[in-house]
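Work through the exercises below with the sequence and the model open. Each task is followed by a solution in steps.

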Amino acid sequence: MPPQSLVRAGLALALGCLLSLVPSDVAAQTGTVTGRVTASTTGAPLDGVVVTVQGSSLQTFTNQQGRFLLTNAPVGTITLEATRLGYSPFTLEVTVTAGETVVADMEMSDLAISMDELVVTGTAGSARRKEIGNSIGVISSDDLDAIAVTSATDVLQGQAPGLVIRQTGGAVGNGSEIMLRGVNTLGGPNSNRPLIYVDGVRIENGSHQEADEASAQATVFDDIDANSIERVEVIKGAAATTLYGTEAAAGVIQIFTKGGGGGAPQWTASISQGFSEVGHVGPDEDPTGLQVNDCSADATCPASGTWLQRGYLQEYDLSVRGGESVPWYFAASFSDQEGNISPQGANSASVRANFRFEPIDNVSIRASNVFSRRNITFIPDGNNAEGLLLNVIRNTNDYTNGRDALTLDMELKQQIDHFISGLNITWTPTAGMSHRLNLGLDYISNEYTEERPWGFFYVPDGARESDLANDRNITVDYAGSYQKDLFGLATTTSWGAQYYDEFSWGLNGFGEEFAGPGDKLIDSAVETSVEEDWLRVASGGFFLQEQIGWNDRLFVTLGGRWDGFSTFGENFGIAFYPKISAAYTISDHNFWPEWWDTMKLRGAIGQSGRAPSPFASKRTWSSTSGDDRQAAVILAELGNEEVGPERTREFEAGFEALLFSGRFSLDFTWYDQSTFDALLRLPRPSSIGTEQAILTNLGEVANNGYEFEATFNAISTENFAWSLGGNYWHGENEIVSLGPVTDERLKNRPVDAQFGDVVTNPDAMGERPDFEEGYLGPARPTTTWALNTRTTFFQRLTVDLMGEFQGGHVRQAGTARQNVRRSYWAPCQDVIDAVNGGDFSGYTASELALCSPRDASYGPWTQAADFFRLRSVSLGYRVPEEWLPAGTSGLTLRLQGRNLWHTTDWPGIDPEGNSYGTAANWYWSTREYYNLPTPRVFTFSATVNF
């Protein structure tokens, strides 16, 4: 007999002997449990629910139709527990009979506030909401399914008080600014960006390479596939971000992506088709829409008679989840979107693989990997003499001599590759001790090319620019905790350390003056230049935290973080950020009224920081050439060896309440922030060898406000459910001190204060305006509110609407002012004609300051930019299962619209427009300047489960 046969025979014999030792009635000692889990208010099936047999490791997951199957359930009475983020846990006792199947259907309450809900962000590990003393915003998968989403940023819009999203224009691929609780730093808009985590991996939180000739910037946040998001947690200030250390003073947003489910593979496929369109551009009085809607007067106008087109968009998503001992989730997506002016557009693709397994007892490993690619085609735009809209809207006072299509000969293309990989290892050696280790890599490769062909109207000999940029971020994050009851108190001691390393590299090549037409290489140009830069920044720290709980209703937490940073001055040392918080569920007492279900009081005080900019602490030199082109160096930056981080101290207090059997929920927070040791540039005398100011810890900024959120489940019956929700935020900031830097304009003004010409003789008739500089208002909204209503009919048809208001700020209508200067702006045409005719006696100085070509100033055109926009309208229908073909378990149809309507008194093209991208300073980022307005988007999608 061959050796292989001998081995097989031996294995068969051994297996037979083992089976003979197993009692024949083992299978008969277990049973099967099956059932369906649905939402109590809508009856909609809930997927991803974890169904566990209490007191055992036996568990499974529901599929897309809410169904679960639990085999090998022990005989007798058992307790099933269903848990899902955003829902109250549900328990049910069932009796299992040997060899039989028992049906156990469950309904879970989707309470707006659940004290047992687990949250992660801002804590040393996962914690119940009732234990947390600070505000935390949660956006669940149910919220994501209901709203119209065209990018990952749309997931956040209007979803939480204090979370402000500022769009920067209507061009496809353009990014948005994310800000939490307004402004609390002197460092500019870029310093107000929250940290972003994806599955525990910190990713770049800013913008990609700027497409400068397009006046546009894509943001990193929009690289994320919105369909892969399971949940988002938002913490908004230093009271909750202490454990994240330096750079977390602007808040933290943490995204959790979808994971594997139990049992057989469950497939989901989704197809979306739709279009975007731009309505009338500019003032209603101009029938041509500033020559954008009707460009027939231009010899190069498209045959359609307009520069605008409907931008067709399409998206295809496919995902599968399954696994028992190794739950896994795989997903792929592709989207393509045309812009509203050809050839502008973008396409993207991504693939994701998440899985979890337990190699040994008490050790769990979760891996998440995603790769995405975005290709964007821009058009020249914004504040750009070669831009399309600037030349179109200025009519005959342009740079193209009435041949505006010549601007589109310029090619602007960007390719963004983004890879995020994370590994989460959890070890629980005992019931009271746990350890967690996160390892993460965030890598971005960015390529931007810009080409003016030979014979281009503005640069006849042609030009080419190529930019390459790489950004690599490494996260190492460890946390441990130990729980023990001590003297009747529940204590949890936590400790941990974190290391973050960022390396960025860029290479820019530029060439102009080519010999003739054809494909170009930069080194074929007559004039060439090249620039290279790289930067590495590293930070590390450790924390300690102690939480004490009494009677499962009062929790007090004390903690601190010690931080080091590569940009701190050598003489500074280590930064320390303390925190203390308390949460008290007063409704757990017997005296509390029954109709008031839950009342939690909370308060927290903590610190976080912002690091100085790279090289702020180092003396640096730059190269130059001396006499006879001899190489030399000069002092570039003096450096400050004492410089340290800005520190933001925040105190917040509030409550969370649930009333009338979960029908009504309230969440209120008041906060007060103080940023001290704020970083400022302090001028130095030129006698020391350089005129550059040094970065110094000098200033102080105050920022305070309040947030309110409410949900009312007004009606909930078997065939009809209606809920109404909303949130409100108001915040104000002011500069308290600038140290020795004196600027009387800024005293007690907001950090983002805007100044400009103010008319001192506004009512004078027939007189030209006199101007003096004055304060105009803040650049960013100080008040936002959002309303949402959701109605469900017969547990299948759902209608969802969400609108948002932003106000309390000013914006420059730059397009209007520049066009008045060129005698073309319909609302001002009577004044323009009168001034050009030499008789303006019938107009006031205030009217002339707006509408006179000789006097129009940016100051009068900087006005209140309050607006309300209908962000999302969604109609969804879940097709009855009995209508579906065999092999299909679910089908949902959705018709959705985004940004369908808005109202504002602001006089420009779009109150959200900005042609200076997301990285501009306070002044430039508040100016709308030859932007395409935000388009309306309509989509129809079909999602099928099988």
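**Exercise 1: Thr288**

Thr288 sits in the loop that joins strand E18 (266-277) to strand E19 (311-322); strands (E, at least two residues) and helices (H or I, at least four) are DSSP runs, numbered from the N terminus. The model is a predicted one, in which local features need pLDDT of at least 70, side-chain atom pairs count only at pLDDT 80 or more, and totals for chains, interfaces and linings use all residues. Residues are numbered from 1 along each chain as its sequence is written, and side-chain values use heavy atoms, with hydrogens and water left out.

Task: is Thr288 buried or exposed, and which residues does Thr288 touch?

Step 1. The relative accessible area of Thr288 is 16%. Buried means under 20%, exposed over 50% and partly exposed in between (1.4 Å probe, protein chains only), so Thr288 is buried.

Step 2. Not counting residues up to four places away in sequence, Thr288 touches Asn293, Asp294 and Tyr824, where contact means heavy atoms within 4.5 Å.

Step 3. The side chains of Thr288 and Tyr824 make a polar contact at 3.4 Å. A polar contact is a pair of N or O atoms within 3.5 Å; within protein, one must be able to donate a hydrogen and the other to accept it, and residues adjacent in sequence count only if both atoms are side-chain atoms. A polar atom of the Thr288 side chain also lies 3.1 Å from the backbone nitrogen of Gln291.

**Exercise 2: Ser857**

Task: where is Ser857 placed, and which side chain makes a polar contact with the side chain of Ser857?

Step 1. Ser857 belongs to the loop between helix H7 (845-851) and strand E42 (862-864).

Step 2. Ser857 counts as buried because its relative accessibility is 8%.

Step 3. Neighbours within four places in sequence aside, Ser857 is in contact with Asp757, Phe771, Arg817 and Ala849. The side chain of Asp757 makes a polar contact with that of Ser857, at 2.8 Å.

**Exercise 3: the two domains**

Task: how many salt bridges are counted between domain 1 and domain 2?

Step 1. The domain assignment, whose bounds come from an automatic or database source, gives domain 1 (25-108) and domain 2 (118-945). Domain 1 brings 19 residues to the contact and domain 2 brings 23 residues.

Step 2. The count is one salt bridge, that is, a side-chain nitrogen of Lys or Arg within 4 Å of a carboxyl oxygen of Asp or Glu. Arg36 and Glu881 meet through their side chains in a salt bridge (3.5 Å, N to O).
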